[in-house]
Amino acid sequence: MDPVVTTTQIAPSAAGQVSLYHLVMQASWPVFLVMLGLALASVWCWAVILEKYFAVRRMNNANDAFEASFWSGQSLEELYRQLGGRETIGLAAIFIAAMREWKRSQESALRAGFQGVQKRIEKVVDVQIQKEMS
């Protein structure tokens, strides 16, 4: 046996042509399918990464705009009316949900004749008294 191996013995048809294209085209079917699957998974992952990047960027811009209007000094009712008619994301959506819940709470308190509010106030006062005593 001859220990010296030449390049023509390794790959006689591809001597001097080692490229990604030739390696892919000379691969067997299972290897080709695995490479194709990996390429598709890579494209899908990058699509998800880019979509999340733009979503976070949109969220940050919306949060900045909401904070600017929130701290501008206008009333919360006016801000609620401004934001109530359009679709909101981020902090603005949390603010809208909190204001809706607060309004429902106030409406139910008015219907109950302020008994619910009075009970809540008494409960808070009782908790504060107990903390001070201990």
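**Getting to know this predicted model**

Me: Which residues is asparagine 63 in contact with, leaving aside its neighbours within four places in sequence?
Reply: Happy to start here, and do keep in mind that this is a predicted model. Asparagine 63 has its place in helix H3. Leaving aside neighbours within four places in sequence, its contacts are Ile89, Gly90 and Leu91.

Me: Is asparagine 63 buried or exposed?
Reply: The cut-off for buried is under 20% relative accessible area. Asparagine 63 has a relative accessibility of 16%, so it counts as buried.

Me: What distance separates the C-alpha atoms of asparagine 63 and threonine 88?
Reply: Along the chain, these two are 25 residues apart.

Me: At what angle do helix H3 and helix H4 pack?
Reply: Let's look at who meets whom: Phe66, Ser69 and Phe70 of H3 meet Leu76, Leu79 and Leu83 of H4. By class, that contact has five nonpolar residues, one polar and no charged ones. H3 covers residues 29-70 and H4 covers 76-84, their axes are 11 Å apart, and the packing angle is about 145°.

Me: Which element gives the most residues to the largest nonpolar core?
Reply: This core has eight residues: Phe66, Leu79, Tyr80, Leu83, Ala92, Phe95, Ile96 and Met99. Two or more of them come from each of H4 and helix H5 (91-111). With four residues, the element that gives the most is H5.

Me: And which residues does isoleucine 96 contact, leaving aside neighbours within four places in sequence?
Reply: Isoleucine 96 is one of the residues in that core. With those neighbours left aside, its contacts are Tyr80, Leu83, Gly84 and Thr88.

Conventions: Residues are numbered from 1 along each chain as its sequence is written. This is a predicted model: local features need pLDDT of at least 70, side-chain atom pairs count only at pLDDT 80 or more; totals for chains, interfaces and linings use all residues. Side-chain values use heavy atoms; hydrogens and water are left out. Axes are lines fitted to C-alpha atoms, for helices over the stretch in contact, and angles run from 0 to 180 degrees between N-to-C directions. Contact means heavy atoms within 4.5 Å. Ala, Val, Leu, Ile, Met, Phe, Trp, Tyr, Cys and Pro count as nonpolar, Asp, Glu, Lys and Arg as charged, and the others, Gly among them, as polar. A nonpolar core is a set of buried Ala, Val, Leu, Ile, Met, Phe, Trp, Tyr and Cys residues joined through side-chain atoms within 4.5 Å. Buried means under 20% relative accessible area, exposed over 50%, partly exposed in between (1.4 Å probe, protein chains only).
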